[in-house]
Amino acid sequence: MPDVPSKPSSKAAKPRSKATKSSPKAAPASPKATFSPGLTGSVSLDVGESDTAEAFGSGDVPVLGTPRIVGLCEQAAMVALGPAVSPDQTTVGMRVQIDHLAPTKVGGVVTAEATLEKVEGRRLTFTVKVCDRASLVAAGRVTRVVVERERFLEKATG
């Protein structure tokens, strides 16, 4: 599923650009970057009208939509990797497994956190969770794959 960019809402609630990274074992950028379990990243969002299930067409209620949660989790994974990804590389989404556990209304604030749990060659598996002020909103796993940017774009069709 493609990453869902943060969108300003039509109300006062706007996405926060507050992204934090904590990487006790972060590797420096290199042509062949290496990644170690333990890298973490987080992003927060003020939930707006454009973040709802209604806006995404994935439901008919004005609460934070599952597609937006998926995008936040992937964003948190990207933040966790930060500068450890060399400029000629990127990571792309391969698998998302999310349990959406609780609704968050417009005006609420959620934070997505991703922790790199497993590295298998180019495959990076993160555990992810999304919380609001009251509860755990979603939890699951995101798997991303390290690719050579130019080679990957050459293969793109459409």
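Author: Buried means under 20% relative accessible area, exposed over 50%, and partly exposed in between, with a 1.4 Å probe and protein chains only. Helices (H or I, at least four residues) and strands (E, at least two) are DSSP runs, numbered from the N terminus. The model is predicted: local features need pLDDT of at least 70, side-chain atom pairs count only at pLDDT 80 or more, and totals for chains, interfaces and linings use all residues. Residues are numbered from 1 along each chain as its sequence is written, and side-chain values use heavy atoms, with hydrogens and water left out.

The helix is α2, residues 66-81. Of its 16 residues, 13 are buried, so α2 is mostly covered. Just after α2, Gly82 has a positive phi of about 40 degrees.

A nonpolar core is a set of buried Ala, Val, Leu, Ile, Met, Phe, Trp, Tyr and Cys residues joined through side-chain atoms within 4.5 Å. The largest one has 30 residues, and Phe35, Ile69, Val110, Phe126 and Val130 have the most contacts inside it. Two or more residues each come from β2 (40-46), α2, β4 (109-120), β5 (123-132) and β6 (136-148). The largest contribution, nine residues, is that of α2.

Leaving out residues up to four places away in sequence, Phe126 touches several residues, among them Ala77, Ala80 and Leu81; contact means heavy atoms within 4.5 Å.
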